[in-house]
Each structure stands twice: as structure tokens, then as C-alpha cells.
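Please consult the sequence and the structure shown below. The briefing that follows is arranged by topic for a reader new to this chain.

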Amino acid sequence: MDSTIQKRRGKVHHAHGAAGFCDVSFSTCLPLEEGGWHAVTCGADAKITIRLSKNMEEAVGSVDAKDALTGVAVSPLGDRFCVADASNYVKVYSLPDGQFQDVVTKFVLPPRCLSFSPSGMHLAAGGDDDMIKMIDVGAKKVFKSIQSGAYVRGISYDPESQFLAVTCADGTFAVYEIASGKVMMKKKKGSTRMDPTAPNRVVPSWHPDGGQLVAVPKGDGSISLYERLSWEETDELAGGHDGPVHCVAFCPNGLYLASSAEDSKVVVWDVNEKRILEVCELPGNACGLAWHPKDNCLVCVTEGGDLVEWDQVISDGLLGPGDAVDDGGIAENGPYEGLKDNEYGSDLDRNDDTFVVDDDDGMLAVPKKKRVHVEDPGVERHMKRFHSSTAPPQQPFQPSSTDLVMGRRYLSYNSLGCITLRSESDHNIVEVNFHDTAIHRRRIPLLNDFYGFTMGTLGTEGALYASPSSDHSPSTVVFRPFEPWSANTDWTVGLPQGEEACSVAVGDSFCVVANNLRMIRLFTLAGLQTNVISTPGDIVCVFAQDDAFGVVYHAGNPTTEGDQILDVQTYQFSSGKREIETRICLSSAAQLAWIGFTDERALATYDSEGILRVFSPNFGGSWTPIFDASKERKGSEIFWLFSVSLAANEVQCIVCADTVEPVVPSGSARPVITAAPLQLPLVPGDTKTAQSEANMMRAKLLLSQLDPTSFQDSDILAESESAYDRASLSLFKSLLEQDRASRALEVARRMLSTNALEGALRLANHFNIGALIEKIELLQEEQRMDDQQLDWMDKPIYDSQTQLGTTALDTELAQGGQTQPENGEPNMSVEPTAPSGGNPFAKIAKRANPFARKKD
């Protein structure tokens with residue numbers, strides 16, 4: 001360090017009364033007219049203080065958070081801030097009043113680092129867990145989890161909302177792509193290594209001009225500068241510190257960089273000239289550092305809870321850290337040569353088509369290398385962004401799987417059992433367990449995974465796994481049968497170069513592998529390749545059950561309201577026939593959380609808002625909402641669904657109290673499974689009437705999924721018809737008690753059996769409603785005529801020449817004429833008018849099951 005540089009001291013304010021993790025963050029929105037910008041601090045004493053920049057000595061607000069706090073981040077919108085605490089929660093408070101709003105997520109271990117996106121809509125949070133959670137703060141939900149190393153000690157959100165810069169306590173520096181979670185670069189010993197129990201951080205910082213550079217603290221007292229996209233270390237700032245650097249922060253216009261280290265000093269650097277401008281001595285090691293959004297001021301908070309305010313950081317004669325940058329502010333031979341205002345013009349044109357769409361936050365951003373001179377001093381350069389609510393497309397996912405937490409995860413959890421993965425030092429251990437051991441008595445051997453499986457699915461005959469590609473191997477698919485009958489029945493396939501498995505599924509006799517190239521590969525259980533199918537859009541997931549499988553893909557870009565445009569196709573593997581092709585219904589701005597088949601083989605979806613829908617062939621194909629988790633959960637509970645049964649009238653799920661998905665318990669413990677009842681969103685009315693109406697609709701929905709010609713469905717069909725008639729009779733009686741005979745008649749028209757109509761007639765006689773009695777008797781007469789016609793069509797006729805039995809209807813159709821029944825009753829003409837592809841006699845047989853699924 002240059003000995004001529006005079007060390008300065010800032011104003012020290014006592015902020016927190018306990019040593020430990022402390023943090024500070026500025027609001028970057030427009031300031032208050034009198035008090036300036038808000039600064040929020042937090043500390044190990046469980047106190048949150050809110051201060052105004054024009055008088056940092058006194059707090060204008062204080063909040064007792066009850067738990068020791070480990071990090072704070074103020075939204076760029078200036079309306080709220082988030083804190084992390086030692087009880088593993090991330091909470092949101094309003095600004096400036098400091099009112100608690102809600103818990104946005106909970107970790108297994110304490111979070112330590114928070115970073116808002118430039119739009120203020122999303123928050124990245126990490127800590128002692130080995131994952132970073134991406135949180136939609138407004139919706140209070142985690143929309144993505146990014147696998148990282150354990151003990152995250154620094155997170156910085158890219159100004160373009162495309163990447164995250166992350167440091168860990170073991171000295172690893174990494175950059176992750178937010179949309180995909182992909183590691184763009186990872187460098188061991190790339191940042192300061194520290195004791196995970198120490199109350200400090202290692203915080204990187206992006207250059208505010210499009211994130212062209214990212215600064216990373218180093219353990220040797222230097223700061224590395226990495227170039228965007230190439231991720232090469234292009235420069236280094238050295239000679240300013242006598243100990244490991246912990247925090248770095250670019251000023252608002254990017255001309256200067258502040259750094260703090262274990263030598264209890266803050267150093268301010270001229271980034272263009274790579275020289276030290278100022279040095280400030282602190283009363284302790286800084287663990288939080290923040291520039292004032294506009295003024296020539298820098299604040300930091302120490303491990304001992306002191307808040308240090310440093311005014312007039314940059315000497316007179318130099319551009320201030322918050323001044324707008326023009327041609328004179330760029331060094332001709334500096335690392336930003338050529339990035340001058342006159343290259344693109346100094347006016348911000350909102351209609352300029354050179355603006356690019358922010359992939360994460362749906363914002364319109366200034367293009368890379370574009371510098372803009374802003375005349376209004378209240379608007380900061382790094383906040384020149386305009387809202388456009390376009391949401392990113394949903395990324396591929398594996399239904400019924402969880403993220404890796406504390407080295408454990410579920411690769412699959414369904415109604416059969418679960419596949420658990422445990423991470424070891426150099427490989428993974430995969431274990432298969434079944435819920436019903438009476439069916440699968442044979443214990444499945446453990447699998448040592450050296451591929452790095454991230455996908456898995458459990459079927460009746462075996463388990464299918466897939467891994468992403470690595471430097472040493474391609475994306476790999478592995479199938480292991482449960483009860484092999486010969487040698488070498490398990491198989492492994494390496495996908496071609498450039499092809500990545502993104503979702504897998506297994507049925508009774510086949511395996512499905514979806515990839516990033518909009519293709520589905522079909523294999524038999526023995527590994528025989530049978531088909532390759534292309535999809536119209538990027539694949540989101542695949543699923544399978546019995547002889548059916550389905551694929552979900554993007555049918556278009558998300559709408560401006562944030563709605564995903566997803567289509568689904570389902571197929572029958574044995575016949576190769578496509579059964580369903582339709583658009584998926586989701587809640588507003590929601591994502592698909594689960595998709596699969598119910599126990600009755602009905603297509604069902606569950607979205608991130610907790611709405612479960614079932615597809616029905618009624619009305620040409622429609623979606624019916626049958627469950628809303630918000631009506632069942634208590635507080636911040638999350639219903640993690642994995643199985644649906646229409647016949648049992650329930651969904652099976654795991655209720656997560658503090659996490660968005662179940663965490664694998666240690667040892668042999670299993671999560672508690674909760675059976676929640678289905679609930680149709682009917683208009684509330686009389687309790688008994690509404691319940692009967694709901695029962696009728698559920699039975700009708702189930703009947704629409706059953707095949708009346710299938711022996712497999714016969715028992716469920718009979719029970720469903722009986723349940724439907726019981727519900728209709730109950731509703732019929734309730735309506736008569738309310739003197740609603742006309743509505744009761746509508747119920748009677750929908751009864752399926754003769755016994756149900758007979759019961760309705762008795763109830764009408766009991767209430768002595770003559771007009772209703774007459775109308776029900778007419779319905780009975782119509783039903784008798786229909787039954788007679790059905791008996792005639794099915795009555796066998798013995799042929800003495802062929803010695804075979806046929807029906808009267810078969811004989812008539814063979815002769816091309818009309819046949820007189822043997823009992824002498826008058827002949828009745830039949831004119832089928834059913835739609836093409838359906839049963840031409842469906843109109844005659846309607847009382848057998850008017851809701852039955854039509855067969856092609």
C-alpha cells in the first residue's frame with residue numbers, strides 16, 4: 001500500500017448489542033424528500049434498525065425479531081426488506097414501518113446470505129444448507145432451488161438477472177445460470193476460505209454496468225476480477241490489505257470498488273486505474289458493506305455490532321460514486337474503453353428495439369455496454385429498467401422428486417414406494433423401499449451410483465435412473481429390474497453427445513426418456529429401442545402408469561401475465577395410439593408442480609398454487625378442479641402431492657410445515673403421509689344439499705373415466721353408479737324438504753337405475769306432490785321402454801344351421817332390414833344418430849351410463 005495515503009476514520013454508531021453476524025443494506029429507490037434513503041441493519045441481538053441516510057446516528061424504527069439475525073437485503077423497490085435468522089427462516093417486513101408480513105421460506109440450517117434481483121421481485125437466499133433458494137417474494141414461494149456447495153457465505157445477483165455469483169466457506173467461487181441452475185464456472189480456491197462457524201461472509205459483487213465484471217474476495221488480500229461469459233480472471237487488485245478480504249462492493253456508477261478484510265480496514269479502489277484511493281480504519285472486522293445509492297458515502301457494520309459511516313469517501317476533483325458517468329468518466333486505456341455514451345447516445349428511448357428481455361424478472365434492461373446519461377438526479381443508473389411482466393418458461397422437472405438437502409433427496413416418491421439418494425464423498429448410494437412389503441417381499445439391493453443420478457422413477461417392474469453429462473461421461477440412463485428372470489436384465493445407455501436427459505418415466509412394460517432436443521426415446525424393460533417421438537416444444541416432463549405414458553411440453557412463450565403455455569399428450573404404449581392432446585389448465589402465473597394418472601387412469605395436474613385438476617372427456621375434453629390445498633392447510637403448510645384416487649375420494653400427500661418439499665429423514669424414518677379429501681369448488685348453499693351435489697359430481701366424474709366394456713373397471717363401475725344414485729336420492733329428498741320440486745325433477749332425470757327412480761317416486765308420494773309423481777311415472781315408462789329395447793338387441797337367436805347364437809340386432813344388421821321380435825311385440829325402428837367414432841346406439845343405451853367414456 002502507498003504509504004502516502006492517509007488512513008481515515010468514519011463516524012461510529014452503536015447499532016447492535018451483541019457480537020456475531022451483522023449486516024447492512026440501503027434502499028435504492030427514490031429517496032424521501034427530507035430524510036434521504038433508508039438503511040436497514042440487523043445483528044445477533046435480534047434487532048432490526050431502520051435509519052435515514054441524512055441522520056444515521058439515530059434509528060427511526062426498530063424491530064425485535066426475537067431470533068438472532070444473520071443477513072438483510074432491502075428490495076430495490078424500497079417497499080420491503082427481508083432478513084435471515086438463526087431459526088432457519090427468511091422473513092419479509094414492510095418498509096419504512098418495519099411491520100412483519102410473512103415467512104417466505106425455511107431452511108434446514110440457518111441461512112446467511114440474501115440478495116434481491118434488480119426488479120425487487122425475486123430473492124436469492126443461501127447459507128449452511130447446500131442449496132440456494134430462488135424466492136418469489138410477492139407470492140411467498142420458492143420457484144427454484146439451485147444445488148450449491150454447503151456453507152454459502154456470499155450471493156450476488158447479476159444486474160441482468162441472468163446469473164448468480166456465489167462463494168462458499170471452503171473457498172469455492174461459482175457462477176450459476178438462474179434459469180437452468182447450470183454451473184457456468186466453478187473454481188476451487190477462487191475466494192477467501194474461512195471457518196464456517198465464524199460470524200462473517202465472503203461477498204462478491206457485480207459491476208453495475210450490465211455485470212461485465214464480477215469482483216471476488218481472495219484469501220491472500222487481493223480481489224480477482226472475472227469477465228462475464230468467458231469467466232476468465234482478467235485482472236487483480238492487490239496490495240491494499242494485510243489479511244483475507246471478505247466483502248467487496250462496486251459503487252453505483254461502477255468507477256470505484258470498496259473492500260473490507262480481516263485487517264479491520266476498508267479500502268476504496270479506482271477500478272480503471274487499479275490504484276488505491278482511500279483507506280478507512282474500523283473498530284473491528286466488517287461483515288457488511290454498502291454504498292449510499294447517490295451520495296458520496298459508504299457504510300459498514302462490524303462483527304461487534306458497530307455501524308461505521310464514512311462521508312466524503314471520494315476526494316474533491318473526482319467523479320462521485322453516484323454521479324452519472326459521461327465521456328469524461330471513462331479512462332481511455334481502462335478496462336471499459338469504448339463503453340462511452342456517444343456510442344449509443346445519451347437519451348433513454350423506451351421504444352428502442354435494442355432493449356433486451358430480462359430472463360428472470362421480466363424487465364426491459366439496457367443492453368450490454370450501453371451507458372446512459374440521466375438528467376434526473378433522483379434516478380440511478382442501475383435502476384433504469386421498465387416493467388414487462390413476461391415470466392421465464394418453466395424448466396424441465398422430474399415429478400415426485402425433491403432437491404438435495406443435507407446430502408439426501410428423493411429421486412422418486414409415489415404410491416408404490418420411494419427411491420432415496422444419499423450423497424457420499426465420491427459417489428451416491430441409491431435405495432429403493434416399498435410402502436407395501438407384502439407385494440414386494442424381496443429386498444432391493446443398494447445401488448452405488450458413480451454417474452451422479454439426478455432423475456429417477458419407480459415402477460411396478462423396476463426403477464429407471466438418469467444423470468446429466470459430465471467431463472468424463474455422457475448423459476446416462478440406467479434401468480434395474482426388481483425380479484430379473486435371466487442374467488444381464490439391467491441395462492445402461494449413454495445418450496449421444498449434446499443430448500441431455502431431462503425427465504424419465506417407467507410403465508409396466510416400457511421406459512420413457514425425454515431429452516433437451518424435444519425428443520422422447522421409448523425402450524422396453526429389456527432395453528430394446530422401439531420408438532423416437534419428437535414434440536412441438538421444449539419438454540417439461542414425462543410420466544407413466546400401467547400401459548400409458550404422457551409428455552408435457554411448451555406450446556408457446558409465457559403470456560405477459562406470467563401464465564405458462566403448456567400442452568400435454570398421452571399415449572397407449574402397446575397400441576401406439578394417442579389418447580389425449582390438450583392444453584393444461586393452470587392457476588394464474590402458476591407453474592406445473594405435479595402431473596400423473598389417478599388410480600383410475602384419469603389424467604391429473606397439480607400446480608404451484610395448490611389446485612388439483614382432473615381431465616374429463618365431458619364437454620369435448622375439460623378440466624375439473626377437485627382439490628384446493630389452501631382450504632386444507634394451516635398457516636404456511638405446503639401440501640406436497642404424489643397420488644390421487646377418485647374412487648377413494650382422496651389425495652395422498654406429505655404436509656411440509658417448514659419446507660416447500662419433504663426432506664429425507666435420517667435413518668429408517670419415513671415421512672408422514674396425509675390423506676386429504678377431494679373437494680369440488682361448488683357455490684356454498686344449504687350444507688346437506690351442497691354435499692349431495694358434490695357427491696353426485698364426483699361420482700359423475702369417476703364414471704366418465706371408466707370403460708363400461710372393461711372387466712377391470714366392472715366392480716368400480718357398479719360401485720360408482722350405486723354411489724351416484726345414493727347421492728342423487730339424498731339430494732332429491734333435501735330438495736323436496738325445501739319445496740323445490742322442479743329442481744328435484746332435474747335430479748330424477750339424471751338417475752341411472754330403476755331402483756333409484758322407484759325411490760324418488762316413493763319420496764314424491766311421501767311429500768304428496770302430485771305433479772311430480774306424474775312426471776316421475778313418465779320417466780319410469782321411458783326407462784322401461786329403453787330397457788325393453790336393450791333386451792331385444794341383446795336377446796340371442798339360435799341358428800340351427802350354424803349352431804351359433806346371435807342377437808336380433810345382429811340379424812337385422814346382417815339382413816339390412818328390420819326384424820320382428822319373437823315375443824310378438826311391435827317392431828321399433830332404430831335410427832342411429834350418434835357422432836362419428838362413438839356408439840351408434842348410445843342414445844338408446846343412455847340410462848346404462850350416460851357419463852361413460854366413449855371408445856374410439
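**Nonpolar cores and overall picture**

The largest nonpolar core comprises 47 residues, and L612, I626 and F732 have the most contacts inside it. A nonpolar core is a set of buried Ala, Val, Leu, Ile, Met, Phe, Trp, Tyr and Cys residues joined through side-chain atoms within 4.5 Å. Buried means under 20% relative accessible area, exposed over 50%, and partly exposed in between, with a 1.4 Å probe and protein chains only. The structure is a predicted model, in which local features need pLDDT of at least 70 and side-chain atom pairs count only at pLDDT 80 or more, while totals for chains, interfaces and linings use all residues. Residues are numbered from 1 along each chain as its sequence is written, and side-chain values use heavy atoms, with hydrogens and water left out.

- Leaving aside residues up to four places away in sequence, F732 touches A744, L745, V747, A748, M751, A760, L763, A764, L772 and I776.
- A second, separate core has 22 residues, including V203, A249, Y256 and A286.
- In soluble globular proteins, nonpolar side chains tend to be buried together.

**The chain as a whole**

- The protein chain contains seven helices and 57 strands.
- Of its 856 residues, 53% are buried.
- Among contacts (heavy atoms within 4.5 Å) with a separation of 6 or more, 49% are between residues 24 or more positions apart.
- The protein chain exposes about 37,900 Å², of which carbon and sulfur atoms supply 48%; accessible areas come from the Shrake-Rupley method with a 1.4 Å probe, and for residues only the protein chains shown count as cover.

**Strand 34 and its partners**

- Strand 34 (residues 417-423) is largely enclosed by the rest of the structure, because five of its seven residues are buried.
- Strand 33 (residues 408-413) pairs with strand 34 in the antiparallel sense over five bridges; two strands pair if DSSP finds at least two bridges between them.
- A hairpin of three residues joins strand 33 to strand 34, and I419 in strand 34 is the bridge partner of S412.
- Strand 34 also pairs with strand 35 (residues 428-434), in the antiparallel sense, over seven bridges.
- Four residues lie between strand 34 and strand 35 in their hairpin, and N428 in strand 35 is the bridge partner of S423.

**Backbone features in loops**

- Most residues other than glycine have a negative phi, and most peptide bonds are trans.
- The peptide bond from L95 to P96 is cis, with omega near 15°; P96 is in the loop between strand 9 (89-94) and strand 10 (100-106).
- W231, in the loop between strand 21 (223-227) and strand 22 (233-237), has a positive phi near 55°.
- W231 counts as buried because its relative accessibility is 9%.
- N488, in the loop between strand 39 (476-481) and strand 40 (491-494), has a positive phi near 60°.
- N488 counts as exposed because its relative accessibility is 75%.

**Confidence**

- The mean pLDDT (the predictor's confidence in each residue, from 0 to 100) of the protein chain is 82, and 81% of its residues reach 70 or more.
- Residues 327-389 have pLDDT below 50, and this stretch has 144 contacts in the model beyond near neighbours in sequence.
- Residues 797-805 also have pLDDT below 50, with 10 contacts in the model beyond near neighbours in sequence.
- Where pLDDT is low, the predicted coordinates should not be read in detail.

Methods: Helix = DSSP H or I, 4+ residues; strand = E, 2+ residues; numbered from the N terminus.
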